[in-house]
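Colleague: I have the file open and would like to go through it with you. Could we begin with the terms you use?

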Amino acid sequence: MGSDVFLQLTVSGLSNGMVYALVAVGFVVIFKASDVINFAQGEFLLFGAYLAFAFIAQFGLPWSVGVLATLLTAAMIGLIVERLVLRPLIGEPVISMIMVTIGLSSLLRAVVNGIWGVRPKAFPNFIPSGEVEFLGAIVGIDRLLVIAIAAILLTVLTLFFRHTRDGIAMRAIADDQQAALSMGISIKRVLAVAWAMAAITAAVAGIMLANTVGVSHDIIFIGLRVFPVVILGGLDSVPGAIVGGGVIGLLESYTAGYTTSGLELIVPYIVLILVLMVRPYGLFGKEIIERV
Amino acid sequence: MESGIFFSDYRSDMALRRMPLQKARTGLLLVGLVVFPFLATPYWLNLANQIAIATIGAIGLNILVGYTGQISLGQGAFMAVGAYGSGLLTVRLDVPFYLSIPAAAAITAVAGLVVGLPSLRLKGLYLAVATLAAQQIVEFVVTHWDGLTGGTEALVVPAPELFGARMNTDGRFYWILVVVALAVALFAANLFRSRVGRAWVAIRDQDIAASAIGVNVFAYKLLAFATSSFLVGLSGALLAHYRSIVTWERFTIEVSISYLAMIIIGGLGTISGSFFGASLIVLLPAMINTLGRSLQDTAPWAATVLPYVQQGVFGLVIILFLVLEPEGLAKLWRNVKDYFRVWPFSY
């Protein structure tokens, strides 16, 4: 094993990790605003990917319009979901929140499969699929684009949480719902914004995934694979999602490269359990976890 | 009609079924269970057996989630441990099934203790994610430890024998399952009236208060994990011998989710709810299937969308119950009972 193999593994691990990070950011936005873990995030990805497929490949829209339409539709879905499913459950126990997003995932998956079937689809490539050499390793342009988008999203979200009214309101609600309510913050409005944002980030990630791995059902499993990422980075931390994504991506890539038994499938989960045992709030999360 | 509760000794006051109507309903249920296999078609017997196995598993999960308030997404993993445990004991060591099933349940209880360890530090969401990880890891071990489990190959378990009769038909296995399910229900019902059950409920409602009044939270949480896993392992082991084939596909995260759906739809923290939920989750896909089949001639496209309809309805039912009736089918059943308790003089 030479150093070039190591370099290749590093680059591919990092770029995979950035896809994870992109997905993880959606989790973080919802968790930050409402303390809900969205088990339907994988299905949101799937929806985003298939919507883009529908708009661009099936309706033949130019890709810029298609992507915009995808993002708008995704935001609408996020709003509808929040209004019909999540809002009646504000203040219910954690188990109800978890179960309702699981139910949602089953429903969304059925809708996607019902409309588009389960066979993988060829996604129209609007992102150049060439490869460039980077520090002696070969990396696809689409991967570089993922990294760029993740970086942009991180910046935008950080600014959003720091400077905009809604962003600050979200942090206030996450900090203390009662106090936020008494300061006149509308939880309903903020939650609606959070779900719309999460759906949009998921759609962006879905489109990127559709480009790199194709439009298929397997996208759902990425939703599950992202749990180690968000736990490692901290459930309420946007930079944490990026760092967690990078670390998990690298770990997977090295395990896949240097072992042969398929261990990379569970290494993230072993990390997850270790993190939960040692530092449950993750690398960058706020230490609000309640110990028993 | 009841007009009041007049007990003159502790025995009748402490009884599990106290009122005449309760006793009548229990009697009816028992008679129904005995008569059922003689009237039912094999199709319905098969469904009844599935419901019985699911009820045992759901009661097990309910002990953990509904009574102790510890969320677990690892149900499928525990069932896998029970199923493979019992199957391997029978196949490799020739242990008769009436010994291998309890042994497998005990093994699962130990596995539950191990998975339960993080619960000492984690709760709510974090525990759910930890059990999710445990589920993935067990799934990986089962599919990759070829030497023990046969990997992705199916493990064939011979049909169990009891009193010289082979229990290889739905009709015969029904009796085993019904007896075990009733025993489990009775055990659980009494458990929740005991010191242990009360301690669990106290932990669920407010763990800090529970520890303040002297409940050993750590010990009782671990006990909940062990007891729950024992029953879940039991259900997995019974499934192995009932299907006489064990494959890992039966124990994925989907299974964990459908069991959680059972206890949510049925009603958290109720035994009757475990049964109702199990029945609904088993019957729903079967009903949709039958409906699809009957539509096959008039609408041939129905067959192609059938799996999606099943999946969609599954999700929709979960959402609707959570939003509209969070206490589940058990609450609906209680409403019906309350209505008829003083019927026709209810006002």
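Predicted model: local features only at pLDDT ≥ 70, side-chain atom pairs only at ≥ 80, totals over all residues.

Colleague: Let us apply that. Is Thr155(A) buried or exposed?

Modeller: Thr155(A) has 11 C-beta neighbours inside 10 Å, so it counts as exposed.

Colleague: And which element holds Thr155(A)?

Modeller: Thr155(A) belongs to helix H5 of chain A.

Colleague: Which residues of H5(A) are buried, then?

Modeller: The buried residues of H5(A) are Arg143(A), Val146(A), Ala150(A), Leu153(A), Leu157(A) and Phe161(A).

Colleague: What span should H5(A) have, given its residues?

Modeller: H5(A) covers residues 141–163, and at 1.5 Å a residue its 23 residues should span 33 Å. The C-alpha atoms at its ends are 33 Å apart, which agrees.

Colleague: How many residues of H8(A) are buried?

Modeller: In H8(A), 22 of the 27 residues are buried, so the helix is mostly covered. H8(A) is followed by Gly214(A), which has a positive phi near 95°.

Colleague: Turning to the core, which residues touch the most other members of the largest nonpolar one?

Modeller: Leu22(A), Ala24(A), Ala49(A) and Ala194(A) do, in a core of 198 residues. The element giving the most to this core is H8(A), with 19 residues.

Colleague: What does Ala194(A) touch, apart from its sequence neighbours?

Modeller: Leaving aside residues within four places in sequence, Ala194(A) is in contact with Val29(A), Ile30(A), Ala33(A), Ser34(A) and Met170(A).

Colleague: And where is Ala24(A)?

Modeller: Ala24(A) is in helix H1 of chain A, residues 3–34. With 33 other C-beta atoms within 10 Å, Ala24(A) is buried. Beyond four places in sequence, its contacts are Val226(A), Val229(A), Val230(A), Gly233(A), Ala241(A), Gly244(A) and Gly245(A). The C-alpha atoms of Ala24(A) and Ala198(A) are separated by 9.7 Å, although 174 residues separate them along the chain.

Colleague: Which helix contains Ala199(A)?

Modeller: Ala199(A) sits in helix H8 of chain A, residues 187–213. Ala199(A) is buried, as 30 other C-beta atoms lie within 10 Å. Not counting residues up to four places away in sequence, Ala199(A) touches Phe44(A), Ala74(A), Ala75(A), Ile77(A) and Gly78(A). Its C-alpha atom is 22 Å from that of Gly285(A), a residue 86 places away along the chain.

Colleague: Now the interface. How many residues of chain B are in contact with chain A?

Modeller: There are 35 from chain B, in contact with 38 residues of chain A. On the chain B side, helices H6 (124–144), H12 (253–266) and H14 (302–324) each supply at least two residues. The largest share, 12 residues, comes from H6(B). By class, that side has 26 nonpolar, 6 polar and 3 charged residues.

Colleague: You mentioned H12(B). At what angle do the axes of H4(B) and H12(B) cross?

Modeller: The axes of H4(B), residues 75–93, and H12(B) cross at roughly 110° and come within 6 Å. That makes H4(B) roughly perpendicular to H12(B).

Colleague: Which residues make that contact?

Modeller: H4(B) contributes Gln75(B), Gly76(B) and Met79(B), while H12(B) contributes Ile253(B), Val255(B), Ser256(B) and Tyr259(B). By class, this contact has 4 nonpolar, 3 polar and no charged residues.

Colleague: One last topic, backbone angles. What is the phi of Asp94(B)?

Modeller: Most residues other than glycine have a negative phi. Asp94(B) is not a glycine, yet it has a positive phi of about 60°. Asp94(B) lies in the loop between H4 and helix H5 (97–116) of chain B, and counts as exposed with 9 C-beta neighbours inside 10 Å.

Colleague: What about Ser244(B)?

Modeller: Ser244(B) also has a positive phi, near 55°, and is a residue other than glycine. Ser244(B) is found in the loop between helix H11 (217–243) and strand E4 (245–246) of chain B. With 17 other C-beta atoms within 10 Å, Ser244(B) is partly exposed.

Technical notes: Residues numbered from 1 in each chain as written. Chains lettered and ligands numbered in written order. Helix = DSSP H or I, 4+ residues; strand = E, 2+ residues; numbered from the N terminus. Buried ≥ 20, exposed ≤ 12 C-beta atoms within 10 Å, placed from the backbone. Contact = placed C-beta atoms within 7 Å. Core = buried A, V, L, I, M, F, W, Y, C linked by C-beta atoms within 7 Å. Nonpolar A, V, L, I, M, F, W, Y, C, P; charged D, E, K, R; others polar. Expected span 1.5 Å × (residues − 1). Axes fitted to C-alpha atoms, helices over the stretch in contact; angles between N-to-C directions. Parallel < 35°, antiparallel > 145°, perpendicular 65-115°, else oblique.
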